[in-house]
Amino acid sequence: MFSFFKKKSPPPDVQSPAAAPTQAPMAPVKPPVAIASSTDVSSAQATDANVPAPAARQGWMDRLKAGLRKTGSNITTVFTGTRIDDDLYEELETALLMADTGVKATEYLLQDLKRRVKEAKATQPPEVKALLADAIADLLQPLQKPLEIGAHHPTVIMVAGVNGAGKTTSIGKLTKHLADDGLSVLLAAADTFRAAAKEQLAVWADRNTVEIVSQQGGDPAAVSFDAVTAGRARGRDLVLVDTAGRLPTQQHLMEELKKIKRVVQKADATAPHEVLLVIDGNTGQNALAQVKAFDETLGLTGLIVTKLDGTAKGGVLCAIARERPIPVYFIGVGEQLQDLETFDAREFAQALLN
């Protein structure tokens with residue numbers, strides 16, 4: 001892991017001087033943090049461009065490049081010719097659409113690329129490839145945002161996603177990063193819809209030595225309420241609520257998600273402080289449809305994009321940036337803990353067109 005967090009100052013607590021304590025004082029609250037972009041970290045560590053990147057960062061870039069190879073190879077073959085002409089742009093349009101970049105994002109990128117080629121007076125296809133990387137990085141830049149943690153105690157994060165997207169696994173990986181950074185985490189097993197979901201989350205809780213709140217066959221909203229209440233009483237830094245995986249077309253289950261959110265707000269009027277959606281990078285344009293549907297239902301604050309390794313549809317992030325620019329906090333390229341990292345727009349663009 002390389003610098004997953006950076007410190008953030010909490011708002012001051014205002015208490016009445018006349019109020020007498022009713023219980024023993026709690027331990028000092030840890031300073032809040034924000035999960036920062038790896039580019040910000042590397043810039044702080046290196047004083048000039050000649051300083052080599054940390055080994056962990058280079059290892060992540062290698063895995064990201066490998067994960068995006070199928071998507072990128074279909075695009076980069078366009079630039080193997082010797083001429084910049086209409087045929088090149090037509091082939092590029094086809095390649096971008098095949099990568100599930102989407103019609104709107106593809107049109108935008110082609111127009112932006114032609115402008116950059118003209119301004120740079122590029123004459124060779126490899127130059128166009130570099131300019132395309134810049135165009136993609138700029139398009140994705142609004143998605144790059146740190147996940148702030150600590151302005152509220154506990155910070156309540158509600159996590160949703162369809163079955164098979166890697167939701168519970170992503171929660172487990174995120175829990176490990178948080179715990180390693182010294183933050184106390186409480187997990188809520190509110191995915192009572194899927195068989196063995198509670199047991200899967202319990203494995204992650206044991207592995208990360210964190211507490212879990214669950215009920216045998218309990219109501220998901222009730223589990224969430226108990227977890228937020230317990231997190232506050234026990235002085236935990238974070239409460240991660242694992243909700244049931246569901247398709248956005250399952251209206252009764254989407255209504256249950258709304259109920260969970262409402263009940264969480266009863267436990268803490270300011271919560272949930274983050275509502276994250278985990279999407280499978282392999283699903284392409286279907287992932288964009290999920291983002292739109294869950295955003296309309298819950299009001300998403302961020303995304304976790306998993307399973308980018310081996311997909312030929314990595315261009316969907318461009319479609320999200322163009323049509324529903326919700327921050328992408330993390331991306332995953334494998335099953336290992338180190339395969340989940342913060343999203344960096346320029347790193348992604350460079351890995352895609354490597």
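## Two cis prolines

Pro154 lies in the loop that runs between β3 (147–149) and β4 (155–161). In this predicted model, the peptide bond leading from His153 into Pro154 is cis, with omega near 0°.

A cis peptide bond also joins Ala271 and Pro272, and here omega is about -10°. You will find Pro272 in the loop between α10 (251–267) and β8 (274–280).

Now to another loop, the one between α4 (86–98) and α5 (103–120), where Asp100 has its place.

## How α6 meets α12

Two packed helices are described by the angle between their axes and the distance between the axes. Let us take helix α6 (residues 125–140) and helix α12 (residues 316–323): their axes come within 9 Å and cross at roughly 50°. The two helices, α6 and α12, are therefore oblique to each other. As for handedness, α6 passes α12 in a left-handed crossing.

Which residues make this contact? From α6 come Ile136, Leu139 and Leu140, and they meet Leu317, Cys318, Ala321 and Arg322 in α12.

## How α11 meets α12

Helix α12 also packs with helix α11 (residues 285–298), at an angle of about 35° and with the axes 9 Å apart. Left-handed or right-handed: how does α11 pass α12? The crossing of α11 with α12 is right-handed.

On the α11 side, the contact holds Gln285, Ala287, Leu288, Val291 and Lys292. Their partners in α12 are Val316, Ala319, Ile320 and Glu323. The residues of this contact of α11 with α12 divide into six nonpolar, one polar and two charged.

Notes:
Residues numbered from 1 in each chain as written. Predicted model: local features only at pLDDT ≥ 70, side-chain atom pairs only at ≥ 80, totals over all residues. Heavy atoms only, no water. Axes fitted to C-alpha atoms, helices over the stretch in contact; angles between N-to-C directions. Helix = DSSP H or I, 4+ residues; strand = E, 2+ residues; numbered from the N terminus. Parallel < 35°, antiparallel > 145°, perpendicular 65-115°, else oblique. Left-handed = near helix turned anticlockwise from the far one by under 90°. Contact = heavy atoms within 4.5 Å. Nonpolar A, V, L, I, M, F, W, Y, C, P; charged D, E, K, R; others polar.
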